[in-house]
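Student: I would like a close look at a single part of this model. Please keep to what can be computed from the atoms.

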Amino acid sequence: MEVEVDPRRCCASGMCALTAPAVFDQDEAAGTVVLLSARPPSETWDSVWEAADSCPAGAISVKD
Amino acid sequence: MTQAPSAPRLPVERTNPFDPPSRIGELRETEPISRLAFPDGHVGWLVTSYALIRRILADQRFSSRQELRHFPLEHPMAREPQPPAAPGMFIRMDGEDHSHYRRLLTGQFTVRRMKALEPRVQEFIDGCLDALEAAGPGADLVEHFALPIPSLVICELLGVPYAERGRFQQNSKLLMRLDSGGADVWAAVAAMREFLGELVTAKKAEPTDDILGGLCATGELSDEELVNMGFLLLVAGHETTANMLGLGTFALLTHPEELAKFKADPGLVDGAVEELLRWLSIIQYGATRAALEDVDLDGVRISEGECLVLSVQGANRDPERFADADSLDVSRSAQGHLSFGHGVHQCLGQQLARVEMRLGYSSLFRRFPGLRLAVPPAEVPTRTDMVIYGVHELPVEW
């Protein structure tokens, strides 16, 4: 799995950091998405799909 | 002579305290985008399916700008053209105007910051539960628990003295009423602005370590912007969560099997909060957007300028998205519900609301395991007369 994020689109809802904290974090000052792992381990994949689906701004893209 | 059939008004009649008007579900099945008449004579649309609402909320061709809005319900302001949003009132703006203000706040509401706030929220909750017990053997849960907890928290975060809550709770409630008179609404707005204006002046003279103090210290915002941003955060921060705490407790107390599951397994709390958000959908009259251009939605032509009322209730009870959607099930995954909205306007304070609800519901039933209603459910006064649904009072005993 490959994950990409676009902090310029991000509206800092925090859904990704809440849903998949091993893969996504939030910038301390701006609250926008910080990608911790572009090729996350398989045990996180379900939560990554859920985070991408939940993202209100469409700032996360995932490729199998 | 034939007359064009007139469009219906927004369905609002509930048959019980928890379910949306039955017409919402019927429309979702037969006509998920249907014509809707507004009190000012505008004819727009009512949207009731999950997929469409989610798509519209993420589509920048549908605007949040205040001057394009029509109100779907009778209200003192419903027949008057709306002015553009006042500076700082960013929920009624689009694009860069909106994100300029939102970006000044997003760092304050991150998951990590809200997590760090948990011990302080727990202190407030414990204090409220002490006061509830002292008021017993029975008491109103709204007065002693549901309203004070989010009020205390947002006051501390913003830097608003809680002792002066008399100056904002009543005015805020009046602004949420659908039947307030026009003069009362303007008086409440003026009183809130005066209150926040005094705070801004004080914080500019003597900087404080809180959100409003931080905004004042940037030096980038006018007094009017600061007052309006404070207004928005103060009202949004306590009205919404207060109603979720009150109505959510009412729902659990009237669904004993779900309450038993919740009490038996503390690990259910995160999911239970999401399910209560989904099932209760307290933004009962939906979100409104206006089309900036002609748009085709599943074969329906939406014309530029037409307003769409997006039924959050309809979306959250859509069986295409949630199996057995009309049932409350605290052990399901309600992921994807639209109670905080969707798109770039999605609720800024949602992670704070989650912390307050998780700790709030858990602490309440841990401290009062025998909590029960003190009146029959039909006698609990519900907020059908308010923009945000909930209960006016919740008489309980333990």
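How many residues lie between β1(B) and β2(B) in their hairpin, and which residue in the turn has a positive phi?

Tutor: This is a predicted model, in which local features need pLDDT of at least 70, side-chain atom pairs count only at pLDDT 80 or more, and totals for chains, interfaces and linings use all residues. Residues are numbered from 1 along each chain as its sequence is written, chains are lettered from A and ligands numbered from 1 in the order in which they are written, and side-chain values use heavy atoms, with hydrogens and water left out. Five residues separate β1(B) from β2(B) in the hairpin, and B:G41 in the turn has a positive phi of about 100°. Strands here are DSSP runs of E, at least two residues long, numbered from the N terminus. β1(B) covers residues 33–37 and pairs with β2(B) in the antiparallel sense over five bridges; pairing requires that DSSP find at least two bridges between two strands. Within this pair, B:W45 of β2(B) has B:R35 opposite.

β2(B), residues 43–47, also pairs with β8(B), residues 307–310; these two run parallel, joined by three bridges. There B:V47 has B:L310 as its bridge partner. Four of the five residues in β2(B) are buried, where buried means under 20% relative accessible area with a 1.4 Å probe, protein chains only.

B:L310 also belongs to a nonpolar core of 19 residues, which includes B:Y50, B:A325 and B:L338. Such a core is a set of buried Ala, Val, Leu, Ile, Met, Phe, Trp, Tyr and Cys residues joined through side-chain atoms within 4.5 Å.

How values were computed. Buried < 20%, exposed > 50% of the residue type's maximum accessible area, 1.4 Å probe, protein only.
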